[in-house]
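Visitor: I am new to this structure and would like a close look at a single part. Could you take me slowly through the sheet and whatever packs against it?

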Amino acid sequence: MKFMKLGSKPDCFQGDGNNRRYVATEMETDFVVHVADVKFHLHKFPLLSKCACLQKLVSSANEGNSDEVHIPDIPGGPSAFEICAKFCYGMTVNVNAYNVVSVRCAAEYLEMNEMIEKGNLIYKIDVFINSTILRSWKDSIIALQTTKSSLPLSEELKLISRFIDAIASKASVDISDVDWSYTYNRRKNVEENGNDPSWNGVRSRTVPNDWWVEDLCDLEIDLYKRVIASIKNKGVMPNEVIGEALKAYAYRKLPNSGNKGVIQYNDVLKARAILDTIVWLLPVQKGNVSCSFLLKLLKAAVSVNSGEMVKMGLVKRIGQQLEEASVNDLLIRACDGEAMMYDAVLVQKILEEYIIQDRNAQTEMENGDEIEEIGTPGILSDASKLMVAKLIDGYLAEIAKDPNLPLSMFVGIAEMVSSFPRPVHDALYQAIDTYLKEHPGINKSEKKRICKLMDCKKLSADACMHAVQNERLPLRVVVQVLFFEQARAATSSGCSTPDLAKAVKDLNCGSYRSSRSATANADEDWEAIASAEELRTLRGELAAFRLGNSDRSSAENRMSNADKTAIGKMKGLIMSKKMLSKIWSNKVGQAENSGSDSSDSLGSTNQDDVKCTPPRKGRNSVS
């Protein structure tokens, strides 16, 4: 840090410990200056010769037969006044970035200008600011930080605007011209870490584009806002770097924004002001800040109860790049007093914004003169939709653990992405199973509603094996899972596959000559749950099957991984057939006793009433 030395005489100011300062000379002091709670015993001649303000005050005091004057509102207080007084005595004083603003404002208050004496303190301070402070990166930031204690005079003298412009100008220079020191601790270059074998100990690293970001984090939010706005107005800095600067400032000033978004500040109003300003400064263009950072800001906005405009602005930005988010990012804690653990309503709004951008793009295409290619930027791609669908499946699996989560909320979010491409429904099945586990009291119609969200044909072999042994699933879902798995296995092995639509209808028929309505029987089927005894029997058969094949274990150990995988698939096929036969026989027995029909199915079948005939063994037999 650079400084300016004024005067040459030794410092003779002393104090007695009782807020009393005096000059230790042979001459007796002849007047007292009260600055706040400090008394300065001084001599009139050296001070009045340089301070027009003191001339006026002493003249007024003399009229009242007093030798004391009061200046309680001088900028910088007693410390700044003492520097000005020492300058009048010709004593040695040092002016640097930490005190230059307060001394300059105090000199202005005391009217220490050129009209009183040439080369007065105001002139000398202005020369130092122009030649040294404004040319130094770190000194400009330090001086700017000190301006707050000298308001409003520091603003009137345009000191704040000059420091801001100097900082913004230096931040906007080409990185090849940066030859001053700066703070940069976020990432270390290879040669600095000593991991570069070609490094010879000489610093030769390139300057990063965001070299200035960390130093500005020391500023208060009102000054930071003005500096960033000035940098943006110069039009040189890329928006991505502006985004990095805002992210660094948020992590510095809102420490928990990098964790769970919970603000620990006692002064919530201050935290809210910081957050609102960061949101206001965010670049408008999509992709200049990460979706993860936007969601952290949204979590913080919920925590400090920011205004709806701030939160909805973040929701819109997040919706435009939702495919970049992670499940943990979306887990936004609900406000205190809410029944639900997470704020699922906000996630619904984010998802709505994601879908709206696709609709808007399609509308613009239809209103245009020509239909553009489907890959036009702004239109959601299948890859983007697939990522969002997987994201929402994982999110549903997490919020399903909340015992207070309404079924309508779960189903509503799932249905919003039901049209998105999803080759596998394993994650959705996991979310549904979690909800059924945590909400054992839901009725049969609710169970039917949630299970209809998944497509049994899109479950993997592992998910199918889990589903058929899942006591929480309705019997109808178990039957359909078994059938589709058997049909898929038969197709992969080259066997003839029965017609899916007809076979599913056969599975759904409870009797072959029933006079009862299909709707009534469908409700019974959804209510029916595979009993624990039935599932234990199926698992026993699986265990017996494995035991029967244990003699071949030594041979399997010598097989390749591909051979073992093929054998595993064949075991799964045989297991599925045995399970299907078991449940099929139970199903037929129940149907004959009840004499009812069923028509509603999760499979892609028609809803028309159909007559079912008993399955005949042969080529198309399900068993």
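Guide: In this predicted model, strand E2 and strand E3 (residues 20-23) pair in the antiparallel sense over three bridges, where strands (E, at least two residues) and helices (H or I, at least four) are DSSP runs numbered from the N terminus, and two strands pair if DSSP finds at least two bridges between them. Within this pairing, Gly-15 has Arg-21 of E3 as its bridge partner. Residues are numbered from 1 along each chain as its sequence is written. Local features need pLDDT of at least 70, side-chain atom pairs count only at pLDDT 80 or more, totals for chains, interfaces and linings use all residues, and side-chain values use heavy atoms, with hydrogens and water left out.

The two strands belong to an open sheet of five strands, in the order E2-E3-E5-E4-E6 and with mixed pairing. Strand E2 (13-15) and strand E6 (68-70) stand at the edges with a single partner strand each, so one side of each is left without a neighbour in the sheet. From one strand to the next, the twist averages 25°.

Helix H2 (residues 52-63) packs on the sheet, touching strand E4 (31-35) and E6, and its direction makes about 125° with that of E6; angles run from 0 to 180 degrees between N-to-C directions, along axes fitted to C-alpha atoms, for helices over the stretch in contact. Helix H3 (residues 77-89) lies across E2, E3, E4 and strand E5 (38-42), running at about 5° to E5. Leaving aside neighbours within four places in sequence, Phe-81 is in contact (heavy atoms within 4.5 Å) with residues including Val-33, Val-35, Phe-40 and Leu-42.
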